[in-house]
Each structure stands twice: as structure tokens, then as C-alpha cells.
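Visitor: I have a model open here and would like to go through a few of its features. Could you take my questions as they come?

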Amino acid sequence: MSNSKIWLSSPHMGGAEKKYVEEAFDTNWIAPLGPNVNGFEKDLENYLKEDVCVGALSSGTSALHLGLILLGVKAGDEVICQSMTFSASANPIMYLGATPIFVDSEIDTWNICPIALENAIIERISKGRKPKVIIGVHLYGMPYNIEEVNKIANKYDIPVLEDSAEALGSSYKNQKCGTFGEIGVLSFNGNKIITTSGGGAIVTKNKEIKNEAVFLSTQARDNAPHYQHSRVGYNYRMSNICAGIGRGQMEVLDAHVQLRRSMHEFYVNLFKEIDGINILKEPNSDYFSNHWLSAIVIDPQKTNGKTSESLRLALEKANIESRPLWKPMHLQPVFEKFPYYGNNIAQTFFENGLCLPSGSNLTDEDKKRIKEVLTNFFR
Ligand SMILES: *Cc1c(COP(=O)(O)O)cnc(C)c1O
């Protein structure tokens, strides 16, 4: 058996990407605008349905930054953010000089806990600091409890910025993730379910919000023959080359979702026989996860003291990449001074969790190697 590196999640080209990129070269559209940008936006709009408008941007982070701006967040405002997430969900709050308020996860989806969320809102309001925005995240492709979160958001009239960076292809009650928030955010970074090498998008049902996003992402140029600016702009638009890769990737998105889901099945079957492993799975049939990453939490009391870290090291020794879950933001040195609401569910997940290789391009040989290490480890 070869011993080449097995990655957690690596780019997986479908084949048509080169054609779109070559088209860009042949027609000299080597710019942050052009037919691939328009085409990729159309492809995403058709895929997501719900009559959404999509604005292609340079990253998911820039989409979150513009999303907060477009929802009116200003310096001194408070923004609620799911604590267990990638730092890119929270950093844009800081770019704006606003204050992040972190909220714990729930057991079912590992995402924002509706009870802790409402507690946080009630207490912030009692301090005269009503949160401006709620950032919910579909971690590892698993939709958060959209019904409950939206109910609370509506009750207190606070818009949701839906971080769907990991959840393109996931859905809730047959509606695609990315289309539930006032504004949704996608990412096409190299490790995501589809990639443009680097890229992101903003999703909205409001055409004006899309136009604003594009305006701000292209340096906020007023309509004049010279360069005239009445607002602060950004250089956040997607390149026409990257968008070409995206158009090719859209052709294989659903196939890749199926492959990720079959990786999840592979782990479900593998862990059937092993005690003390809780794998992140859909709580009921309302949820459809793209299973971007297959993630587990280990209960060392039931595994004879075998921990997620010792498993990570065993996999590493076999040249197989795995990774702890996202370390909650309220435990990060950069964010630890900000308020946090919850019961340390996310912290317990982090301390005992691991993401396993989940790529859509893993071979039967790769799976055999993974299975061998896991079975031996828990034997
Ligand atoms: C990847 C990711 C982002 C950021 O996207 P980039 O395109 O890498 O800037 C934001 N939020 C979450 C949850 C992510 O996983």
C-alpha cells in the first residue's frame, strides 16, 4: 500500500474548469469582472433557487464583512456570533469596531443554541444594547436549527447573517442553505465543497443589496467619468479567472455532495461497532447536510481513555490528516474578553472532537488505510 498523504479535504476538479479559464484567456477577460463572473453568479442563483441574487466576491470573509456593513453594523454596535466556528465568522465584526457577543452550541446540530441565543438577546437588551445582527453558522455543512433561530430573530426583529461558507449543497426542509438569512455568505476557498482557489459570495433576495455589495466591492465608484467617491470602498470583487473555475465546479457540485455524504456513511458504518463515538449527523429528515467534513466527538469514558488527540496522532503517524474541531471563539486569546452566553457545550465538543478525512476525491485505497488505523486504534 502506498503511504501518500491523505488530506482532510482537498480541491477536486471536475474537468470543465480549464475550459472556462481558457475562455477567459482567449477573450482577454483577465479582470475582476467578465462573462465568467456573470455566469458563475447565474449558476449559483439557479442552484440556490428562491429567486436569490448572488454577488461573487474575493472570499467568504469579504462577503461577511460586506454583509455586516449592508446590515448597518457600525463601530460600537454589538453583533451575536456562534462561538464554535472558524475565526472568519467573527473577525469582520472587529474590522468594523463592533463588539462580538458569543453564543454556545446545541447538542443536536453542534451549531448556535436557540436557548442560549435568546438568553443573550434578552440580557443585551436589558443593558440597553440590542444586538444589530445574529451570525449563525452551518458548521461542517450541518444546518443550524433554522426554524428556531429565525423565530427568535423575528421575535426580536434582528437580521440574520447566515454563514453558509461550509454548507453549499446543504438544505433545510428542502430549501438550500445560504437562502435563509437576510444575507447569506458562501466560500469557495481551496478546502471547501467547491473551490475557485479563493473566493466567496453574498446571497440575498434583495436586488438592491446585491447591487450595493457589488458597488462597495469595486471601490464604491460614483457614476462619473473621473474617479469620484462618496463612500468608503473595498477591492472585494471576484476575478474572472477564479469564476471560470467556479463555473466548472458547479457542474460537479451535486456529485461532490453525494461523495461527501458517502464518506459520512463510511464513518457511520465503521463506528457502528465502536462504543463512545458520537458522529455529527442530521437530527431528523428536515436536515440535509453536504457533510463537508465528517466530524466525531469521543467520550473517553467509553473508549478506555482513548482521546481525540491520541487518535489524531495515530492518524498522523499513518500520514493521514485529521483536525480538532473549531476552537470556540470565546476561548481564543483574541476574543476571550468579550461576552459569552452558554453552558460550555462547544468547549466540550472542542476538547473531545476530531474532523476526519472527508474529501470527495478519496479512493477505495485511502478508505482502506483510514479504516485500518481507526479499527486498530479502537481495538
Ligand atoms: C471558510 C470559512 C469562512 C471564510 O471563507 P474564506 O473564503 O476562506 O474567506 C467563513 N466562515 C466559515 C465557517 C468558514 O468555514
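Visitor: How many disulfides are found in the whole structure?
Guide: A search of the whole structure finds 0 disulfides. Please keep in mind that this is a predicted model.

Visitor: How far is the sulfur of Cys-53 from the closest cysteine sulfur?
Guide: The distance is 19 Å, and the closest cysteine sulfur belongs to Cys-177.

Visitor: Are Cys-53 and Cys-177 buried or exposed?
Guide: Cys-53 counts as buried, at 9% relative accessibility. Cys-177 is buried as well, with a relative accessible area of 0%.

Visitor: Changing topic: which residue does the UniProt "active site" annotation cover?
Guide: The annotation, from an unreviewed entry, covers Lys-192. For "modified residue: N6-(pyridoxal phosphate)lysine", the unreviewed UniProt entry also lists Lys-192.

Visitor: Where is Lys-192 found?
Guide: Lys-192 is in the loop that runs between strand E8 (183-187) and strand E9 (200-204).

Visitor: Is Lys-192 buried or exposed there, and why?
Guide: Lys-192 is buried, because its relative accessible area is 10% and the cut-off for buried is under 20%.

Visitor: What does Lys-192 touch?
Guide: Leaving aside residues up to four places away in sequence, Lys-192 touches Ala-165, Glu-166, Ser-187, Arg-260 and Trp-292.

Visitor: Which side chain makes a polar contact with the side chain of Lys-192?
Guide: The side chain of Ser-187 does, at 3.4 Å.

Visitor: Let us turn to the sheet of 3 strands. What is the strand order?
Guide: The order is E7-E6-E11, in an open sheet with antiparallel pairing. Strand E7 (175-176) and strand E11 (287-288) stand at the edges; each has a single partner strand, so one side of each is left without a neighbour in the sheet.

Visitor: Over how many bridges do E6 and E11 pair?
Guide: Strand E6, residues 171-172, pairs with E11 over 2 bridges in the antiparallel sense.

Visitor: And which residue in E11 stands opposite Ser-171?
Guide: Phe-288 in E11 stands opposite Ser-171.

Notes: Residues numbered from 1 in each chain as written. Predicted model: local features only at pLDDT ≥ 70, side-chain atom pairs only at ≥ 80, totals over all residues. Heavy atoms only, no water. Pairing = 2+ DSSP bridges. Helix = DSSP H or I, 4+ residues; strand = E, 2+ residues; numbered from the N terminus. UniProt positions renumbered as here; feature names shortened; annotations may be inferred. Buried < 20%, exposed > 50% of the residue type's maximum accessible area, 1.4 Å probe, protein only. Contact = heavy atoms within 4.5 Å. Polar contact = N/O pair within 3.5 Å; in protein donor to acceptor, adjacent residues only side chain to side chain. Disulfide = S-S within 2.5 Å.
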